[in-house]
Amino acid sequence: MSEELVPIPEPRGLPVLGVALDINPEVPITTFLNWANQYGEIMRLKIVGRDIVSVNSIALVHEMCDEKRFEKNVSGPLMQVRNGVHDGLFTAINGEPNWGIAHRVLMPAFGPMSIQGMFDEMHEIASQLSLKWARHGPTKPIMVTDDFTRLALDTLALCSMNFRFNSYYHDDMHPFIDAMGDFLVESDSRARRPPYTSFFHRAADRKYEEDIAILRKTAQDVLNSRKGKPTERRDLLSAMMDGVDPKTGAKLTDDSIIDNLITFLIAGHETTSGLLSFAFYQLIRHPEAYRRAQQEVDDVVGTGPITVEHIKKVPYISAILRETLRLNPTIPIIGMQAKNDDVLGGKYAVKKGQSILLLLAKAHLDPAVYGDDANEFVPERMLDENFERRSREHPDCWKPFGNGMRGCIGRPFAWQEAVLVMMMLLQNFNFMPDDANYNLHYKQTLTLKPKDFYMRAVLRGGISPTELEHRLAGGLATPTQGAKAKPASTGHSRTASQVSRLKPINIYYGSNTGTCETIAQRLAGDAASHGFQATVVDSLDAANQNLPKDRPVVFITASYEGQPPDNAALFTGWVESLKADELNDVSYAVFGCGHRDWTSTFHRIPKLINETVAARGGSRICPMGLTDAAQGEMFTDFEQWEDEVFWPAVEEKYGTSDLEGTENEATSTSALSVQFSTPRSSTLRQDVKEAVVIATEVLTAPGAASMKKHIEIQLPSDLSYKAGDYLAVLPLNPKETVNRALRRFQLAWDTNVTIGADRPTTLPVNVPVPVSDVLGAYVELAQPATKRSILALAEAAKDDATKSSLKRLASSANYTAEVSRKRVSVLDLLETYPTVSLPFGSFLALLPPMRVRQYSISSSPLWNPAHVTLSYSLLETPSLANPSVKHIGVATSYLSSLEPGDKLNVSVRPSHTAFHLPQLADKTPIVCIGAGAGIAPFRGFIQERAKMIEAGQRLEECLLFFGCRSPAEDDLYREELDKWEELGAVDVRRAYSRATEGVDEAKGCKHVDDRLWEDREDLANLWDKGAKVYVCGSRELGESVKKVVVKVAMEWKNAKVRGEGGAEGEATEEDALKWFESIRNERYATDVFD
């Protein structure tokens, strides 16, 4: 029996336009997904006079797939696409006769035997792609979507029409591709415009007609070519030209053939290229899946030729493609309509002819079908048995190829092509991201593809491009012996005779924040003074299955919560998968970075690499070096290991190459040469994108002990985020600090500097740059000086007293207390010791590069998908190095200096998977614990919950434990939280450390851990209901909350034991700690900072 009918929820819109102006014009799907997250399983959208219903859950999608009740709807963008392809297979309106004729004529052309017969031509085009990547070499960034677009277009044209676009023999894409992309984008835009506005888009209309002309001319040329040179070849084009409809006896007209040629070229190559691009993005992000896929190819094919029989023998590759299409459907929306008045879900009424969208991009993430990890890439769930079982239990839960009679006719073609290409590429290459920090952005026409996704390809097994060509042609390829690596492009300017006398060394780093990369570059810069040339300085993933045995190899890496850095995951997974002595004759050394607060995973990855490489036959050059970020002496620890352990061991094993006149570059005053000039110029960093400040606000009362501020930022149009993510900000040094450096070196603010380098550097070289830009944007002026830096200053000192004093500071007995803990910088020391005569180039050489700072985003995309907010504490205290000077936080002072309209460079970085709202928000309570600016991510969480509740969704409970000084001073976002608490989005429990008022509200609790203990019964009850716990704040807060949680767990467990008669025995603190470790990063997620 039907439930009582309820209205379909909808966002508010404007008269006539509806919500059209709210839709992201570049990537509309992001707006639809945000609405779906807010409104739930169904929503109504009014767009320029059109009334559309969107279904967003598998249960409703399953109903929509009943072809007795619903049918395909050609409207909106598809109706506009008809301007170019009329009643082709994809755009025909139900009942149009040409669709039936074409469908019946062409079905045999996509039968199993026909598809298998196309294998050799598919293999040829895939080989062209492989050889292009091999010949470009391992350092060339590959524009993934462009090359897969060329592949899919050429494959489709050759296999189905015997027409060659020869896309890999031209630098520019074929005009058809550009015209097609512009045509699809404009079709989508036209669907969202009021009809009476066409006068304002005459230029766009002219371009639209020109694009259509190019599409139709290309198809006409293909048809004319076949007519001019008849053939007995049986393919798609011959079926169109010669086929007779068995039902009507009709044949396709030339116009209908052209319509369908364009349709196939558009639909076929757009979707396959998107699928392959998304699949490689997912594989690179998931090294275990990558390793398993590659192992499957090795087991099934080895190094021999791939044949059509292999296609059905790689179930894991098929699972990867299915899972990719679930997470990233290339056609994210299917348009349907009701055949009659109907009721969806037993309670949502829809009228006959109602336009209904199947929002697959959201429905495919339905946690009711795919669980709480529905957003995660898990190919195992798509293995044949699991896939078939889930499809029986949840019919229509995977619909990337459409539905029923109007489903994709070319599915078998696309599948064979995708499997073949995956196998060939994984067989012959190892891949890594060109930018390990890349996060998925979408490019949308009528289909989806990754935007700006680049990767690099390294030939496996040491083979050359020529040998790969031989292998792909069916011959045997053997690795070239004696191949020599070319020196890394590091900016060295040594003579050829000097370089020829240097011995090679490879340096690999694993780094998310840039610290280990900086250390690797330092080691490369120092190598020449020890007789070595860094032939490779690259990410650890570049060494995946590719470790040299004829030179020393250095691994420099960190751990992140026990996991490898983003650019080291593939390498780490490979090393862990080795079983025998595969690394015999690899000589290596390891330097590891970590933070001792992560006790159970401290230095896990460097230790794992150090031990595993040795276990697989590698030979350690020297003992592993380690540093603890908590001590703030990472660079000093590295320099000590490098000078006292690593280089002596290397020189003992390999000897040295004496270079006449070579100096120790660590202290050489000629490491960087500079020339000054007067013209002004500026430079931009490329690893972040430009954003705009919208608003700023002080959150604390005047005179507060610690000022906290709020800033709203408009993101670049192609960036998106989730509640709980980070915003990485590339700051500038405070103007006061830059002025100090300019005064010390007697430089004017507008002076220009031209830098020349004979060592690797991240500074701009060989171009005039304002010295204020270099000091403000490129180097860390406030970084504590290292021991080596202090000794360099001592060398430059003019008097013995200064030399002695600096050497005393650099000694092990004094460095930590007098320099590291007081955060004494090189600039501080130059001001303290004015007689030190250090050239400006040497000063720059002693400074580390400017790095980004990450801040938790304090907003939700359901509030505004194009804007983020940050909530931060302004750091400004007397310097411990010199109390007369302020110690100013680099990033917070930079953010605080910004005003509305100012621009800054940012990127969105995802937080740990566990630090996001649960998928089953209606079934999973949450507990948020923070103090001060640690409220930031929780404001985003609660804001999102409030938007969902306002849209009519029912959510489980949320407790927020929040600590601050007092209600009058820094009770952050009080008005907002009160409003959201009244709405039912949160229940706030406060603690005040300095309060004279509001003590009753805080129940006398001064700190968050006190309030957590006070309300432990509520915490335990929510935990019993499956709650997730989130903690954000300082490490001290993290530790104090952990102690309370462990204590509550013991009490909770023991109360249960006593209630059940004590049969199991009471829990000890050790038991509780083991339990705590078992829930970390699953039900207990932390985001703590120093």
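How many bridges join β20 and strand β29, and in which sense do the two pair? β20 and β29 (residues 903-909) pair in the antiparallel sense over four bridges.

## Basis of the model

The structure is a predicted model, in which local features need pLDDT of at least 70 and side-chain atom pairs count only at pLDDT 80 or more, whereas totals for chains, interfaces and linings use all residues. Residues are numbered from 1 along each chain as its sequence is written, and side-chain values use heavy atoms, with hydrogens and water left out.

Helices (H or I, at least four residues) and strands (E, at least two) are DSSP runs numbered from the N terminus. Two strands pair if DSSP finds at least two bridges between them.

## The six-stranded sheet

β20 and β29 belong to an open sheet of six strands, ordered β25-β22-β29-β20-β21-β26, with antiparallel pairing. The edge strands are β25 (853-856) and β26, each of which pairs on one side only. From one strand to the next, the twist averages 40 degrees; axes are lines fitted to C-alpha atoms, for helices over the stretch in contact, and angles run from 0 to 180 degrees between N-to-C directions. In general, strands of a sheet pair through backbone hydrogen bonds, either parallel or antiparallel.

Within this sheet, E690 stands opposite N905 in β29. Strand β20 (residues 689-698) also pairs with β21, in the antiparallel sense and over six bridges. Strand β21 (residues 708-714) is mostly covered, with six of its seven residues buried; buried means under 20% relative accessible area, exposed over 50%, and partly exposed in between (1.4 Å probe, protein chains only). Seven bridges join β21 to strand β26 (residues 867-873), and these two strands run antiparallel. I713 of β21 has V693 opposite, and its bridge partner in β26 is V868.

## The three-stranded sheet

Three strands form an open sheet in the order β4-β12-β9, with antiparallel pairing. β4 (142-143) and β9 (429-433) stand at the edges, each with a single partner strand, so one side of each is left without a neighbour in the sheet.

The pairing of β9 with strand β12 (residues 454-459) is antiparallel and extends over five bridges. The bridge partner of M432 in β12 is R456.

## Packing of α6 and α18

Helix α6 (residues 119-136) packs with helix α18 (residues 465-472) at an angle of about 170 degrees, their axes 9 Å apart. The two helices are therefore roughly antiparallel to each other (angles under 35 degrees count as roughly parallel, over 145 as roughly antiparallel, 65 to 115 as roughly perpendicular and the rest as oblique).

The contact (heavy atoms within 4.5 Å) is made by H123, S127, S130, L131, A134 and R135 of α6 and by P465, L468, E469 and L472 of α18. These residues divide into five nonpolar, three polar and two charged. Here Ala, Val, Leu, Ile, Met, Phe, Trp, Tyr, Cys and Pro count as nonpolar, Asp, Glu, Lys and Arg as charged, and the others, Gly among them, as polar.

## Two buried residues

H310 is found in the loop between α12 (287-300) and α13 (315-327). At 13% relative accessibility, H310 counts as buried. Not counting residues up to four places away in sequence, H310 touches V300, V301, P305 and M423. The side chain of H310 reaches the backbone nitrogen of T307 at 3.0 Å.

D342 lies in strand β6 (residues 342-344) and, at 17% relative accessibility, counts as buried. With residues up to four places away in sequence not counted, D342 touches R69, F70, Y348, A349 and V350.

How values were computed: A polar contact is a pair of N or O atoms within 3.5 Å; within protein, one must be able to donate a hydrogen and the other to accept it, and residues adjacent in sequence count only if both atoms are side-chain atoms.
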